[in-house]
Amino acid sequence: MLQKPRGTRDFLPDEMESRREVESRMRGVARSWGYREICTPEFEELDLFTIRSGEGIIQEMYVFEDKGGRKLALRPELTAPVLRMYVNEGKTLPKPLRWFYFADCFRYERPQKGRYRQFWQFGVELIGADTPIAEAEVIMLAHEILSSSGISFTLHVGHLSFMRILLKELDPFDQKRARMFLDKRDTPGLREYLSGRDHAALSDRLIALAGCRDLSQAFEITGDFPERERIEELFSILEEAGICYTLNPGIARGLDYYTGMVFEAFADNLGAENQVLGGGTYRLAHLFGGEDTPSCGFAVGFDRIMVARGERPAAPGKSAGVAFTPEGRPWALRVAGEFRKAGIRTPLDLTGKSIGQQLSGISRFAEYAIIIGGKERDSKTVTLKDLRSGIQKNLSLDDALHEVCSGDTR
RNA sequence: GCCAGGGUGGGGUAGUUGGUUAUCCUAGGGGACUGUGGAUCCCCCGACCCGGGUUCGAGUCUCGGCCCUGGCCCCA
């Protein structure tokens, strides 16, 4: 038998409904902040991603050549495509641009919990605003979106300037190594590495900074620097907004194009792969041939959100199955149409069995049964049975609709 | 790419020292049953992940691969 490709998943209706529900909450939040949805191609020129992230990522992407010999890649993320789109067709739009997306991405990696080869990201990019409140807005929006998803999470906000000030005395290679140690919280490793390179004093300051959870203390460690005022304003906006977050000057993020504020969120109940969101302030447009444009954004790992939510029954919609006899069919079709117009899921019986058997089938999934036979056809009425209480009434079409609409769902 | 643990009908399971027709539950389909309930009864469908090896004989032992789960690496 054929199998689905490694790292991909099938979604049955129960799971799909639950995903759509979370997805629509996220969309709703983003819209309410004035963000509008965009869509970019599923695949792009390979160069788009190597320019952004380096040649090394080729082995972790789905790369292929089309019949015209073009080097293409399934998108491994969406920030680069969105900024490419901005450069191509967004330059003349009034700034700032508030965009969001919900789309699938592909990475050729070893699957594990919360990590798949096809996965979905919900993300936001705020393009062309370069103020503390713009950065704060993105953080606030991220916080609201995660909250709306119903998971329990911890939000870490940092700024690259702290680390950069301290690392300035190292050459670029050592800077990178030092950041890796910090990222892994490997303080003995960091000490050993730096003392072997005559920077023993630095490791204490770095470790103190990474563990620092208070802004003024962080500045004590680093000393003053030009962005201080801006950073303080950003964090005071977060305080004003009442956002619950943790200051974390140790956040490094993998890539070099982040310019200042960086933030991450972690689900409280996940294992090794517990990061559910990452983002920050960056400059990327100039790499794709546009003007140097300040931007800020984040991406949510949608699948991890769903894992963190755990098994939850999706809220059922109203449902009424139609049982009918051959004589009742024309009227049953009319009645079913009216119920559907009212937003009620109204499947017809397809078996043509006895009314009793039709009811058996309907009672497996629906709250109500609509019974239509010759009598109902002749009187233009509806026999509506509440399958939970067993109470059955003969009603006009309007009354039946009203009864179902006002009833509780199961 | 690396490490560990796994893989028996759609889901969940039993399977003795290697021994006949692979167990049970559930789900699914059909019927009893064309004007009133998820029941019941009967019937049906359906599996040893794939390939090599050992053996008279492999679900069972062995090797390789694939896939799943968790972790490492990476994490744009």
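**A hairpin and what lies beyond it**

Modeller: Let's begin with β3 and β4, which form a hairpin with 5 residues between them. In the turn sits G69, with a positive phi of about 80 degrees. Please keep in mind that this is a predicted model.

Strand β3, residues 63-65, pairs with β4 in the antiparallel sense over 3 bridges. As background, strands of a sheet pair through backbone hydrogen bonds, either parallel or antiparallel.

Most residues other than glycine have a negative phi, and most peptide bonds are trans. You will see D198 in the loop between α7 (187-195) and α8 (200-210). For the peptide bonds, go to K95 and P96, which are joined by a cis bond with omega about -5 degrees. P96 lies in the loop between α3 (79-90) and β5 (97-106).

Let's step back to the whole chain for a moment. Chain A is divided into domain 1 (14-309) and domain 2 (320-406). The C-alpha centres of the two domains lie 52 Å apart.

Next comes another sheet. Its 4 strands form an open sheet in the order β12-β13-β14-β15, with mixed pairing. At its edges are β12 (320-324) and β15 (392-396), each of which pairs on one side only. On average, neighbouring strands here are turned by 30 degrees against each other, direction ignored. Within the sheet, β13 (residues 368-372) and β14 pair in the antiparallel sense over 4 bridges, and Y368 has D386 in β14 as its bridge partner. Helix α13 packs on the sheet, touching β12 and β13, and its direction makes about 170 degrees with that of β12. Helix α15 (residues 397-406) also packs on the sheet, touching β13, β14 and β15, with its direction at about 125 degrees to that of β15.

Finally, follow the protein to RNA strand B. Of the 46 residues around the RNA strand, R52, S363, R364, G373 and L387 come nearest. Sugar and phosphate make up 50% of the atoms of RNA strand B that come within 4 Å of the protein. Some side chains reach the bases: an N or O atom of E109 is 3.3 Å from a base oxygen, and an N or O atom of R110 is 3.0 Å from a base oxygen. A polar side-chain atom of E376 lies 2.9 Å from a base nitrogen. The elements giving two or more residues to the surface near RNA strand B are α13 (355-362), α14 (374-379) and β14 (381-386). The largest share, 5 residues, comes from α13. By type, the residues of this surface divide into 12 nonpolar, 16 polar and 18 charged.

Terms used:
Residues are numbered from 1 along each chain as its sequence is written. Chains are lettered from A and ligands numbered from 1 in the order in which they are written. This is a predicted model: local features need pLDDT of at least 70, side-chain atom pairs count only at pLDDT 80 or more; totals for chains, interfaces and linings use all residues. Side-chain values use heavy atoms; hydrogens and water are left out. A residue is near a molecule or strand if one of its heavy atoms lies within 4 Å of it. A polar contact is a pair of N or O atoms within 3.5 Å; within protein, one must be able to donate a hydrogen and the other to accept it, and residues adjacent in sequence count only if both atoms are side-chain atoms. Ala, Val, Leu, Ile, Met, Phe, Trp, Tyr, Cys and Pro count as nonpolar, Asp, Glu, Lys and Arg as charged, and the others, Gly among them, as polar. Domain bounds come from an automatic or database domain assignment. Two strands pair if DSSP finds at least two bridges between them. Axes are lines fitted to C-alpha atoms, for helices over the stretch in contact, and angles run from 0 to 180 degrees between N-to-C directions. Contact means heavy atoms within 4.5 Å.
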